[in-house]
Amino acid sequence: VAADGRSLITSIGIRHSALWIHDSRGDRPLSTDGYVPVLETAGLFGAAPMFSRDGRWLFYLKRSSRTSGAELWRTDLESEHSEPVLSGVAIMEYDISDDAAEAVFSTQPSSGNTQVWLAALDRRSPPRLLCSAGEDSPHFGPNGQILVRVTEGGTHYVERIDRHGSARSRVVP
């Protein structure tokens, strides 16, 4: 506030972040609009960007604002075209299958336990709910299994489930 009280200087800031890549073409941003959370700012283990096994895609969570849910996006590293893969879903953690055809992810509905879903990335079918009893940290495991973390009485366990959400068993008792 000016000494005479007739003027005020203020500012408003909007935080945006971007994914950058360094390769044979140099340094360049791949995503510049929206908010791309990283481990430290998101507080989630699965928020970090990840490359597809073949190196064609970069997958990441992106928010339109710091208060909106994170959606799964991917960027084609050759063309640098970015697109939402799973939109309208607030994703907490995710993993991408080795062939980049599927994603397994967790969500937290406003009322209820965390849920784990499996989605085809070609969008030909809707995501399938695999479990909803508080499981989280989903990852693709060997032989088509999905691994999730389960908490019982303050202790964490890893369980394997099939792609239909059945045939559950603990990896280690």
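How many bridges join β3 to β4? The two strands, which run antiparallel, are joined by 2 bridges, and in one of these pairings Phe 51 has Leu 58 of β4 as its bridge partner.

## Basis of the description

This is a predicted model, in which local features need pLDDT of at least 70 and side-chain atom pairs count only at pLDDT 80 or more, while totals for chains, interfaces and linings use all residues. Residues are numbered from 1 along each chain as its sequence is written, and side-chain values use heavy atoms, with hydrogens and water left out.

## The sheet from β3 to β6

An open sheet of 4 strands has the order β3-β4-β5-β6 with antiparallel pairing, where strands are DSSP runs of E with at least two residues, numbered from the N terminus, and two strands pair if DSSP finds at least two bridges between them. β3 and β6 are the edge strands, each of which pairs on one side only.

β4 and β5 pair over 6 bridges in the antiparallel sense, with Phe 59 opposite Arg 74 in β5. β5 and β6 are likewise antiparallel, over 4 bridges, and here the bridge partner of Trp 73 is Pro 84 in β6. The hairpin of β5 and β6 has 5 residues between the strands, and in it Glu 80 takes a positive phi near 65°. Strand β5 (residues 71–76) has 5 of its 6 residues buried, so it is largely enclosed by the rest of the structure; buried means under 20% relative accessible area, exposed over 50% and partly exposed in between, with a 1.4 Å probe and protein chains only.

Ser 52 lies in the loop between β3 and β4 and is buried, with a relative accessible area of 6%. Leaving aside neighbours within four places in sequence, Ser 52 is in contact (heavy atoms within 4.5 Å) with Trp 57, Phe 59 and Ala 100. Ser 52 and Asp 99 are 47 residues apart in sequence, and their C-alpha atoms are 7.7 Å apart in space.

Ser 52 is also among the lining residues of the largest pocket, as are Arg 53, Asp 95, Phe 140 and Arg 163. This pocket has a volume of about 190 Å³, and β3 (50–51) and β7 each supply at least two residues of its lining. A pocket is an open set of points on a 1 Å grid over the protein atoms alone, where a 1.4 Å probe fits, with protein on both sides within 12 Å along at least five of seven lines, and lining residues have an atom within 4 Å of a point; grid points are joined across faces, edges and corners, and the volume is the space filled by probe spheres set on them.
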